[in-house]
Amino acid sequence: MSRKVEYSTPTNTMRPIGPYSHIAKVGEFITIGATAGVDPTTGKLIGPDIASQTLQILDAFEVMLASVGSDLSHVIHVNVYMKDMKDFDEMNAAYESKMGARKPARTAVAVIDVPKENALLTMNLTAVVAG
Ligand SMILES: N/C(=C\C=C\C(=O)O)C(=O)O
């Protein structure tokens, strides 16, 4: 397996808001950094509800994973960072509506803040290349 680390940010997704790439890939392993629920064209937050933001993030993950030969069925682990744990059930419902029977390992926690102003959550993941 190659140990070369490839960093990428697809052009058809939101621009990073700091000095990072959305995706890092080493051989078959993929990691996607924290991503908020923003419109990829305007950079504006989707919502204001956590369900909309959750679905937007998962849509963005689909685009990012496709750019490196993967998809949501090859996700290993997801981290969910919410501003308020009271949103847990609503986030879960939206998450499950998109992920369906796919149930990667997941860690959901509440945090004091996230980088995108007014965002209710941010998520990141690890995955492998499809095949
Ligand atoms: N991944 C980072 C920020 C993401 C923010 C966002 O999508 O709203 C970072 O600063 O490392």
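Which strand contributes the largest share of the shell around the ligand? The largest share comes from strand 3, residues 29-35, with three residues. The structure is a predicted model, and its confidence scores are given before the remaining topics.

**Confidence of the model**
- The protein chain has a mean pLDDT of 96, and 98% of its residues reach 70 or more.
- The scores for the model are ipTM 0.90 and pTM 0.96.

**Ligand shell**
- The residues surrounding the ligand are I17, G18, Y20, G33, A34, T35, A36, P115, K116, A119 and T122.
- By class, the shell around the ligand comprises six nonpolar residues, four polar residues and one charged residue.

**Packing of helix 1 and helix 2**
- Helix 1 (residues 50-67) packs with helix 2 (residues 88-99) at an angle of about 35°, and the two axes are 8 Å apart.
- The crossing of helix 1 past helix 2 is right-handed.
- Helix 1 supplies I50, A51, T54, L55 and L58 to the contact, while helix 2 supplies E90, M91, A93, A94, Y95 and K98.
- The residues of this contact of helix 1 with helix 2 fall into eight nonpolar, one polar and two charged.

- V78 belongs to strand 4 (residues 75-82).
- V78 is classed as buried because 23 other C-beta atoms lie within 10 Å, where the threshold for burial is 20 or more.
- Apart from its neighbours within four places in sequence, V78 is in contact with P104, R106, M123 and L125.
- The C-alpha atoms of V78 and A36 are 14 Å apart in space, with a separation of 42 residues in sequence.
- L125 is located in strand 6, which spans residues 121-128.
- L125 has 25 C-beta neighbours inside 10 Å and therefore counts as buried.
- When residues up to four places away in sequence are not counted, L125 touches I32, F61, V75, H77 and V78.
- From C-alpha to C-alpha, L125 and K44 are 22 Å apart, and they are 81 residues apart in sequence.

**Partly exposed and exposed positions**
- R106 lies in strand 5, which covers residues 105-110.
- R106 counts as partly exposed because it has 15 C-beta neighbours inside 10 Å, a count between the limits of 12 or fewer for exposed and 20 or more for buried.
- Leaving aside neighbours within four places in sequence, the contacts of R106 are H77, V78 and V80.
- R106 and Y7 are 99 residues apart along the chain, and their C-alpha atoms are separated by 24 Å.
- G27 is placed in the loop between strand 2 (23-26) and strand 3.
- G27 has 13 other C-beta atoms within 10 Å and is therefore partly exposed.
- The C-alpha atoms of G27 and Y81 are separated by 27 Å, the two residues being 54 apart along the chain.
- N118 is found in the loop between strand 5 and strand 6.
- N118 has 11 C-beta neighbours inside 10 Å, so N118 counts as exposed.
- The phi angle of N118 is near 70°, a positive value in a residue other than glycine.

Notes. Residues are numbered from 1 along each chain as its sequence is written. This is a predicted model: local features need pLDDT of at least 70, side-chain atom pairs count only at pLDDT 80 or more; totals for chains, interfaces and linings use all residues. pLDDT is the predictor's confidence in each residue, from 0 to 100. A residue is near a molecule or strand if its C-beta atom, placed from the backbone, lies within 6 Å of it. Helices (H or I, at least four residues) and strands (E, at least two) are DSSP runs, numbered from the N terminus. Ala, Val, Leu, Ile, Met, Phe, Trp, Tyr, Cys and Pro count as nonpolar, Asp, Glu, Lys and Arg as charged, and the others, Gly among them, as polar. Axes are lines fitted to C-alpha atoms, for helices over the stretch in contact, and angles run from 0 to 180 degrees between N-to-C directions. A crossing is left-handed if the near helix is turned anticlockwise from the far one by less than a right angle, and right-handed if clockwise. Two residues are in contact if their C-beta atoms, placed from the backbone, lie within 7 Å.
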